[in-house]
Amino acid sequence: MSDATVVPNAPTGAPLPAEIDELWDRRDTLTIDDPAGHAVVTAAVDQLDSGVSRVAAVDPVTDEVVVDQRAKRAILLAFRVLGLELSEAGPFRYHDRLPLKRTFDGVRVVPGAIARWGSHHAPGVVLMPSYTNIGAWVGAGTMVDTWATVGSCAQIGRNVHLSGGVGIGGVLEPASAVPVVVEDEAFVGSRSIVVEGGRVRRGAKLGAGVILTASTRVFDAETGVELPRGQAPAWSVCVGATRPRSFPGGEFGMPCLLVLRRLAEGQTFDKLAIDELFRSHGVAT
């Protein structure tokens, strides 16, 4: 996306040590038999796990998504310095390099929910049976509903609702790639997919089955004006739609995002009000 900045050590929290860059430069020779490298990398991922540091954030001054490349490097290096280990969760058995997350201060974790070490969940988060990958950040008061997935390094704001079956894409490589960002107060309807650096701005409400990527075209339903690609505008009601496009083989409908309505800034809804908001446009949540 155009509104993104990638820097070696972005102002997204406490800085990670410069040793990460040194280990990255010799990553091809790094192994699980390097105790010093192991210590540096696991300490860095612990910072992400606790929320002291994070992979990306929206700069409040520039409104750009700022990505900490060093944080991504630390995650990728973890796969080199950690060996495969057996672990258990009740009757289930796992064989992986990354352990499951163990610290959930103030977080409700319903049986069936899975979160990997290196993901952060702020107090007040509710995890229904769902999956959160390493490097992800989930803000206070957010619900990750049943069968929703939060991919690696995705950044989810405060008081967000990721409805059932939502797929929030992850990104690890290349280290400079911009992750998905869902900002505060957003609502993502059931079975929607936000991937490849798509951005749901603050207070946006997405209907069921929306597909949003960084290259998705976005249009205002009232004016027909094309808006910035890959972004659900702040405080808007959006649904998935198609736009005709001609190819040698015929004319086909290509997916796009349609902005149906603008909301007052700060306008909030409970679940029933959101349902009614979409039903008024003939759309399900």
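Reader: In what order do the six strands of the open sheet come?
Author: The model is a predicted one. In it, the order is β8-β11-β14-β17-β20-β25, and the pairing is parallel.

Reader: Which strands stand at the edges?
Author: β8 (120-121) and β25 (231-232) do. Each has a single partner strand, so one side of each has no neighbour in the sheet.

Reader: And how many bridges join β14 to β17?
Author: Two bridges join β14, residues 155-156, to β17, residues 181-182. Isoleucine 156 has valine 182 in β17 as its bridge partner.

Reader: New topic. How many residues does the largest nonpolar core have?
Author: That core has 31 residues. Leu162, Ile168, Val182 and Val200 are those with the most contacts inside it.

Reader: What does isoleucine 168 touch?
Author: Leaving out residues up to four places away in sequence, isoleucine 168 touches Thr149, Val150, Gly151, Ala154, Ile156, Leu162, Val180, Val182 and Val194. Another core lies apart from the largest one. That other core has 28 residues, including Leu30, Leu48, Val65 and Cys153.

Reader: Why do nonpolar residues gather like that?
Author: In soluble globular proteins, nonpolar side chains tend to be buried together.

Reader: What about strand β5, buried or in the open?
Author: β5, residues 92-96, lies largely in the open, because zero of its five residues are buried.

Reader: How does β5 pair with β4?
Author: β4 (residues 85-89) and β5 are antiparallel, with five bridges. Serine 87 stands opposite tyrosine 94 in β5.

Reader: And what is between the strands of that hairpin?
Author: Two residues are between β4 and β5. In this hairpin, glycine 90 takes a positive phi near 65 degrees.

Technical notes
Residues numbered from 1 in each chain as written. Predicted model: local features only at pLDDT ≥ 70, side-chain atom pairs only at ≥ 80, totals over all residues. Heavy atoms only, no water. Core = buried A, V, L, I, M, F, W, Y, C linked by side-chain atoms within 4.5 Å. Buried < 20%, exposed > 50% of the residue type's maximum accessible area, 1.4 Å probe, protein only. Contact = heavy atoms within 4.5 Å. Helix = DSSP H or I, 4+ residues; strand = E, 2+ residues; numbered from the N terminus. Pairing = 2+ DSSP bridges.
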